[in-house]
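Welcome to a short tour of the structure in your viewer.

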Amino acid sequence: MKEWGYSILKGRQIDFENNDFSISRFVELHEPSFSWCIGCGSCTATCSAAKFTDFNPRKVNLLIQRGEIKGIEDEIAKCMLCGKCQLVCPRGINTRNVVQNIKRAISKSYAL
Amino acid sequence: MHFNLFVIPFMAGMIALLILLAFRYSQWLSNLETGDWRKIGSNLFTLKTIYAFREIFMESLIHRKVFKVNPLLGYMHMSLAFGWFMLIVVGKFEAFYYTGKFANEFYYPIFFRFFEQTPHLSTTLLNFNASMDLILLVVLSGIVVAILKRFRPGMTGMKKITRHSVGDRLALSSLWMIFPLRLLAESTTAGFTGNGSFLTQPIGNFLNIFLPLQSISMVFWWMYSLALGAFMVSIPFSRYMHIPTELLLILLRNWGLKTNDNFTGFSEIEVQSCSRCGICIDTCQMNSQGKNATTQMVYFLRDYRYDQLKPDLSDNCLLCGRCTQACPVGIDLTQQRVLQRKKMTFPQSAQFKYLPVNQDIDKTEVVYFAGCMSHLSPNISLSMEKIFKADSVKYLFMDRDGSVCCGRPLKLSGQFEAAKQLVENNRQQIIASGAKTLVTSCPICYKSFKEDYNLKIRVLHHSEYLPELISQKKIKVLPTGKQVVFHDPCELGRGSGIYEQPRNLLKKFTDLRPLSQEKSDSLCCGGSLGNLSMDTEERCAIQKATADYLNSGNPEFIATSCPMCKKSIGQFSVAPVKDIAELVAANLVKIGQENHKLLKYRKLQDAMDIQ
């Protein structure tokens with residue numbers, strides 16, 4: 001059959017029962033401002049890394065809060081920790097500590 | 001042969017101390033890097049060793065730097081350290097003079113008045129006796145100050161003193177007990193034998209009226225010896241480890257050793273030299289403005305020493321360097337913090353393969369690197385471009401279109417390996433541009449370029465570059481006469497030692513006003529990337545306090561030379577905060593036209609004066 005460039009989306013629902021919230025819980029414990037995010041995307045707009053690759057701090061935050069953490073370590077490894085997102089965040093989230101704690105949580109799950 | 005059973009606790013403590021010290025010293029020295037040993041070898045028989053001994057005398061005994069903090073605090077430290085030292089030295093000579101031989105039993109001079117109970121007749125011995133009493137009086141006065149300081153820290157110029165652990169308190173008590181017990185032991189002996197001097201003899205005579213001194217003096221000698229022994233044993237396990245270690249630290253430092261990017265035996269010696277005096281607590285802005293008195297270096301080093309360091313404490317520091325500047329022992333505290341973060345970092349933390357590798361870069365004379373933070377206050381990079389154009393130099397704005405971080409934020413967070421990837425990427429581009437000079441607007445990047453990049457070209461911050469352009473008459477700036485105060489960025493001032501260049505630049509065209517806390521004593525803006533875990537509220541408290549301080553003299557402008565400081569202070573400042581590049585660019589005149597413009601400006605000013 002000819003490819004028309006269209007496809008049917010797969011079922012897209014958040015499976016809260018089976019998703020992994022370990023990282024989310026760990027980060028929230030060590031950096032409570034993690035959950036203040038309103039998803040405005042200022043961080044992504046200013047991100048140094050997002051200029052060169054499809055890194056998206058807002059998406060990372062959202063997916064971790066949803067517990068969809070597949071491939072998260074490759075994603076968070078792109079952060080240069082420059083801190084621009086922290087300066088533009090309208091909610092005053094300590095974004096650099098969020099990144100540090102996500103990395104810390106991932107390295108802990110490796111150790112287990 | 002002089003001997004009595006009561007000397008055993010003292011001797012046992014002393015021997016235990018020496019064994020433990022020998023064990024620890026050999027451990028640290030074996031962890032030195034090979035390059036360190038070469039440095040020691042080449043500097044051992046030079047003047048540096050003499051300087052080291054002078055420093056040991058000035059710092060470890062006289063405590064010159066503590067005197068600078070507060071005279072009474074200095075007196076307290078000096079009376080204890082120098083006083084005790086003199087008790088040992090004069091006591092030794094007293095015993096030498098009395099017995100006629102230099103080598104006596106080790107404990108003999110310390111318990112001299114117990115072993116020699118017949119009253120002295122010769123003037124020399126009486127003088128020895130009197131001077132020993134005088135020194136004891138000085139030490140006791142120091143202990144009185146130390147005890148008062150526990151209750152009224154403000155008396156010695158300290159707002160907060162260290163909260164000591166139980167072990168430290170025990171060691172502290174045994175140290176405080178030593179000298180009153182010595183006084184009692186000597187006085188009670190003097191009371192019935194008459195071998196005391198102006199201090200011990202009257203006390204002894206007085207006690208002799210109603211106490212059976214002959215039988216109770218022995219109790220005090222035992223207690224004195226026990227206190228000494230307890231203190232000796234406590235040294236390796238308490239803050240007092242700094243007494244023997246600081247001597248070694250000063251020697252090694254004078255021989256050229258310092259803490260670099262690796263935690264070596266020397267770094268361990270630095271850690272153990274911390275006396276927990278608590279001077280770093282008051283200088284820390286997180287305490288004075290942010291109300292956090294738990295994260296300071298004194299607690300950080302203590303937690304590390306007893307293996308209790310947590311990432312939350314280690315991450316919570318601005319790395320502004322104010323404590324390093326104030327530390328009377330001279331420990332490189334900021335570097336210690338970074339190295340501990342490095343130890344606690346996680347594996348495989350970053351991957352920057354996505355970064356572009358530009359091969360076809362135009363050859364230029366000057367590379368300009370604005371830095372991430374300059375992109376958030378773009379007026380700085382626009383001003384710099386204006387200046388480059390006025391100078392008509394061939395330049396390359398390296399991070400005009402998307403910036404790659406310099407790597408220092410990652411390094412400050414302890415991820416040295418990740419930072420290296422960024423360093424390598426930027427380094428390739430800088431080298432490929434063939435430039436002779438690298439100019440940056442960000443002090444954080446500047447420090448990184450200077451220390452980590454190993455570039456063979458000139459690396460300048462714009463506050464160094466701009467005065468150079470003006471003195472070479474490449475650009476010309478119109479004098480404005482505006483009142484300006486200059487805020488020193490931490491990484492540029494304390495971090496890189498650049499204090500005068502921006503000031504000289506500002507003096508050329510503005511009315512630069514001095515501040516009470518400036519240069520190495522300047523405040524941190526609070527925006528520092530060094531702190532990872534501080535929350536926004538606390539950060540704002542520091543930013544506001546610094547802004548208020550800078551505004552206290554009502555300047556027309558607050559000048560700084562860091563985009564981060566500009567943004568942090570700018571949020572809370574009444575006076576507008578400008579980077580010096582902006583000030584220069586705003587007052588730039590074309591060479592040849594300056595007289596015309598200056599005339600116009602003067603006329604305008606005259607008109608305003610008339611009004």
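Start by selecting residues 462-471 and 500-509 of chain B: these are helix 24 and helix 25, whose axes come within 8 Å and cross at roughly 45°. Helices here are DSSP runs (H or I, at least four residues), numbered from the N terminus. Each axis is a line fitted to C-alpha atoms over the stretch in contact, with angles running from 0 to 180 degrees between N-to-C directions. That angle makes helix 24 of chain B oblique to helix 25 of chain B, oblique being whatever is left once under 35 degrees (roughly parallel), over 145 (roughly antiparallel) and 65 to 115 (roughly perpendicular) are set aside.

A word on what you are viewing: this is a predicted model, where local features need pLDDT of at least 70, side-chain atom pairs count only at pLDDT 80 or more, and totals for chains, interfaces and linings use all residues. Residues are numbered from 1 along each chain as its sequence is written, while chains are lettered from A and ligands numbered from 1 in the order in which they are written.

Now show the side chains. From helix 24 of chain B, B:Ser463, B:Glu464, B:Leu466, B:Pro467 and B:Ile470 meet B:Gln501, B:Pro502, B:Asn504, B:Leu505 and B:Lys508 of helix 25 of chain B; contact means C-beta atoms, placed from the backbone, within 7 Å.

Next, select chains A and B together. Their contact takes 21 residues from chain A and 24 residues from chain B. On the chain A side, look for helix 5 (84-88) and helix 6 (95-111), the elements giving two or more residues. Helix 6 of chain A supplies the largest share, 6 residues.

Definitions and conventions:
Two residues are in contact if their C-beta atoms, placed from the backbone, lie within 7 Å.
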